[in-house]
Amino acid sequence: MKNHYDLIVIGGGPGGAIAARTAARDGLSVCLVEKRPAIGVPVRCAEGIGMEALAEFVKPDPSFISAEMKNAALVAPDGTKMVLESKMAGGKVGYVLERKQFDRELVWQAADAGADISVKTRASSPIMKDGKVAGAQLEFCGMKKDVTADVTVAADGVESKFSRWCGIDTTVPLREIMSSAQYLMTDIDIDPHTTVFYLGNKVAPEGYLWVFPKGDRSANVGIGISGKKSGTGHRAKDYLDRFVASHFPDGKTIECIVGGVSVCRPLPCTVADGLVIVGDAARVVDPLTGGGIYNAMFTGRLAAETAAKAISNGDCGKEALMPYDAGWRAAKVGKTIERNYHIKEYAIALTDAKLNDLIQSASKINLEHFSTLQLVKELIKRNPMLLVELAGLRELLKQ
Ligand SMILES: Cc1cc2nc3c(=O)[nH]c(=O)nc-3n(C[C@H](O)[C@H](O)[C@H](O)COP(=O)(O)OP(=O)(O)OC[C@H]3O[C@@H](n4cnc5c(N)ncnc54)[C@H](O)[C@@H]3O)c2cc1C
């Protein structure tokens, strides 16, 4: 590891890996540091991603894809099932990844492009020079080393501390943290090509429960509930255990994870002097679905591109990095987050009776494009009153 790089990236998830890969391919000197001893583990993710979204960043490969999805189904509190099919997607709409392999592959590609990689290396504080972020102090096997950089990328995930140490308020209100638990289960009866979402206040208050197939008889079975609904006897894991006992009593759990997902709006500003914040650390997560893999990669790439320009112009101050912040907000990623934030706020207030009505209105929906927007539009067709209830969203739904 050198003492100085053009770019230092903190975190080896999809956001950090794509930032490092992009910058290295652009000819910058890059160092990516990851506090865990290995990239990709433990997996804190249901591993779902859209087909096109994945292909924008990496050639899909069986080595990191567990299963291909053809349909999605929503299950109402009363058990009514609505199946979403896509007529435009050639029978495939998304993948369930094997993130242990996927995250490694991305970091591997960053290394192949010339980035230095250092695992078991924690960024423990920023280096500040004249009020600007100028790199990070790193801890590796009990040793400390200061590494300076023109630009530092904070890609340290939902539990991100780095930006806070740089003076940025990254607090997420309790009601906007989804408390999650997930089992990797095997020996269960599932449709291996359909992701299933269970809704309802008894199943997953202000959240949802998912079954994302990983093979013919295995799946990620997980749940996210609002942090404010969590407490003794009714934590995410308690709801999940009840569901598993009734739906998959003979299934075997071979992995168990817990974690948080932010479903708030993104940080008000995702740059500072010498610093760019990407992915979960920037709260650039879809507030409706909790999905953040694509958004992390998108912001990681844009962060590196913006940093490369700033470095070549010899100015890495906040203003020079602002095109990153403005760029992702103006892109589809930013617009989708804003729209889905409103839909999420509407959806979490729905009673079980209203959810039953909505889902009963359509047992089968054929979508032109497999997206939340298409789903909402189809539901509005069948429930015109929705348009009144989502009045504030009319403009956002047009996008
Ligand atoms: C239960 C659950 C289910 C989910 N399901 C999905 C899904 O199906 N689809 C989807 O798109 N998204 C899903 N997500 C969200 C998705 O996992 C994240 O949005 C995505 O991983 C964000 O990528 P990232 O690179 O920003 O952060 P991360 O993947 O979290 O990577 C951050 C990395 O930074 C490292 N790090 C942290 N601090 C430091 C430090 N000080 N020094 C060095 N390294 C550090 C961490 O160890 C970590 O490896 C889910 C999340 C959870 C919790």
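These exercises work through a predicted model, with a solution after each task.

**Exercise 1. The ligand shell**

Task: Find which residues come nearest to the ligand, and sort the shell around the ligand by class.

Solution: 
1. Start with the shell, which has 38 residues around the ligand.
2. Pick out those that come nearest: Gly11, Gly13, Gly157, Gly279 and Gly292.
3. H1 provides it, with three residues.
4. Sort by class. The shell holds 15 nonpolar, 15 polar and eight charged residues.

**Exercise 2. The buried side of H9**

Task: Name the buried residues of helix H9 (residues 352–360) and explain why they lie on the same side.

Solution: 
1. The buried residues of H9 are Leu355, Leu358 and Ile359.
2. Their arc around the axis is only 90 degrees, so they sit on the same side of H9.
3. Recall the general rule: an α-helix has 3.6 residues a turn, so residues three or four places apart point the same way.
4. Now find the packing partners. The buried residues of H9 pack against strand E5 (71–75), strand E6 (81–86) and helix H10 (372–382).

**Exercise 3. From E5 to E15**

Task: Follow the pairings from E5 through E13 and E14 to E15, and state the sense of each.

Solution: 
1. Recall that strands of a sheet pair through backbone hydrogen bonds, either parallel or antiparallel.
2. E5 pairs with strand E13 (residues 194–198) in the parallel sense, over five bridges. Ala72 stands opposite Thr195 in E13.
3. E13 pairs with strand E14 (residues 208–213) in the antiparallel sense, over three bridges. Tyr198 faces Leu209 in E14, and Phe197 has Trp210 as its bridge partner.
4. E14 pairs with strand E15 (residues 218–226), again in the antiparallel sense, over six bridges. Tyr208 has Gly224 of E15 as its bridge partner.
5. The link between E14 and E15 is a hairpin through four residues.

**Exercise 4. The setting of E14**

Task: Decide whether E14 is enclosed or open to the outside, and say which way its residues point.

Solution: 
1. Count the buried residues: six of the six.
2. E14 is therefore largely enclosed by the rest of the structure.
3. Tyr208, Trp210 and Phe212 point one way. Leu209, Val211 and Pro213 point the other way.
4. Both sets are buried.

**Exercise 5. Three single residues**

Task: Classify Tyr239, Gly114 and Arg122 as buried, partly exposed or exposed.

Solution: 
1. Set the cut-offs: 20 or more other C-beta atoms within 10 Å means buried, 12 or fewer means exposed, and in between is partly exposed.
2. Tyr239 lies in helix H5 (residues 236–247). Tyr239 has 24 C-beta neighbours inside 10 Å, so Tyr239 is buried. Beyond four places in sequence, Tyr239 touches Val203, Ala204, Ile223 and Ile225.
3. Gly114 lies in the loop between helix H3 (99–112) and strand E8 (116–119). Gly114 has 16 such neighbours, so Gly114 is partly exposed.
4. Arg122 lies in strand E9. Arg122 has 17 other C-beta atoms within 10 Å, so Arg122 is partly exposed. Setting aside neighbours within four places in sequence, Arg122 contacts Lys35, Leu138 and Glu139.

**Exercise 6. Distances**

Solution:

Technical notes:
Residues are numbered from 1 along each chain as its sequence is written. This is a predicted model: local features need pLDDT of at least 70, side-chain atom pairs count only at pLDDT 80 or more; totals for chains, interfaces and linings use all residues. A residue is near a molecule or strand if its C-beta atom, placed from the backbone, lies within 6 Å of it. Helices (H or I, at least four residues) and strands (E, at least two) are DSSP runs, numbered from the N terminus. Ala, Val, Leu, Ile, Met, Phe, Trp, Tyr, Cys and Pro count as nonpolar, Asp, Glu, Lys and Arg as charged, and the others, Gly among them, as polar. The arc is that of the directions from the helix axis to the C-beta atoms. Two residues are in contact if their C-beta atoms, placed from the backbone, lie within 7 Å. Two strands pair if DSSP finds at least two bridges between them.
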